[in-house]
Amino acid sequence: MPFPLAPRARTGPRRRSLLTVAPAALLAAGCSAGPRDTGPAADSPPPASERARVRAARDSRELAERYDVVIAAHAGLAQRLGPLRENAVRHAKAFEELGTSAGSASPSPKSPAPTGTGPSASAPVPVPAKEKDALSGLAAAEREIAGRRLEALLDAPAELAGLLASVAAAGAAHAFLLTEG
């Protein structure tokens with residue numbers, strides 16, 4: 001024998017009451033909404049991801065300049081350091097192009113000039129007299145920059161995070177190559 005169904009007690013708002021309240025709620029929400037976000041104001045600081053991208057490009061340019069200084073002081077290292085320097089230049093260009101493709105309002109700085117031409121934004125780092133010490137200094141700079149890039153990628157948007165991770169890995173490989181041999 002089946003059990004008779006007991007009438008259900010209704011809880012919560014009825015469908016009819018929701019239909020009458022919904023338009024009023026929408027009207028109130030529309031009237032009280034603040035101004036729409038049209039993006040960053042011209043006088044506001046750039047977002048953190050833009051600052052990270054600009055810093056990464058600047059770090060790569062400065063690293064290329066540092067390679068230039070070491071190559072100028074130790075001509076015998078030119079063949080070994082040339083490809084690493086070119087990678088640093090390519091990395092700077094990649095970060096700069098990422099900014100222009102994303103519609104960055106800030107102009108992208110130029111890539112580093114070849115050895116001996118163009119002013120440096122920072123004071124030149126003295127080059128050790130021994131080649132081994134010069135290579136160790138470059139390896140330390142590569143590791144330091146790679147570490148900063150790994151930290152920056154945690155808060156970066158996907159495309160920038162991928163580029164930061166890739167270039168950080170390249171920097172770690174450069175540091176290894178500089179300390180071997």
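In this predicted model, Asp59 is buried, with a relative accessible area of 4%. The residue belongs to helix α2, which spans residues 48-73. Beyond its neighbours within four places in sequence, Asp59 is in contact with Ile145, Arg148 and Arg149. Ala146 lies 87 residues away from Asp59 along the chain, yet the C-alpha atoms of the two are separated by 9.8 Å.

Helix α5 runs over residues 158-179 and has 22 residues. From first C-alpha to last, α5 reaches 32 Å, close to the 32 Å expected at 1.5 Å a residue. Its buried residues are Leu160, Ala161, Leu164, Val167, Ala168, Gly171, His174, Ala175 and Leu178. These residues cover an arc of only 140 degrees around the axis, so they sit on the same side of α5. The face turned away from that buried side carries the exposed residues Ala158, Glu159 and Phe176.

Across the whole structure, 1 cavity of 30 Å³ or more was found. The largest cavity has a volume of about 40 Å³. Its lining consists of Ser60, Leu63, Ala88, His91, Glu142, Arg149, Val167, Gly171 and His174. The most comes from α5, with 3 residues. By type, the lining divides into 3 nonpolar, 4 polar and 2 charged residues.

Arg149 lines the largest cavity and is in contact with Asp59. His174 also belongs to the lining and is among the buried residues of α5.

How values were computed. Residues are numbered from 1 along each chain as its sequence is written. This is a predicted model: local features need pLDDT of at least 70, side-chain atom pairs count only at pLDDT 80 or more; totals for chains, interfaces and linings use all residues. Side-chain values use heavy atoms; hydrogens and water are left out. Helices (H or I, at least four residues) and strands (E, at least two) are DSSP runs, numbered from the N terminus. The expected span of a helix is 1.5 Å times one less than its number of residues. Buried means under 20% relative accessible area, exposed over 50%, partly exposed in between (1.4 Å probe, protein chains only). The arc is that of the directions from the helix axis to the C-beta atoms. Contact means heavy atoms within 4.5 Å. On a 1 Å grid over the protein atoms alone, a cavity is a set of points where a 1.4 Å probe fits but cannot get out, and a pocket is an open set with protein on both sides within 12 Å along at least five of seven lines; lining residues have an atom within 4 Å of a point. Grid points are joined across faces, edges and corners, and a volume is the space filled by probe spheres set on the points. Ala, Val, Leu, Ile, Met, Phe, Trp, Tyr, Cys and Pro count as nonpolar, Asp, Glu, Lys and Arg as charged, and the others, Gly among them, as polar.
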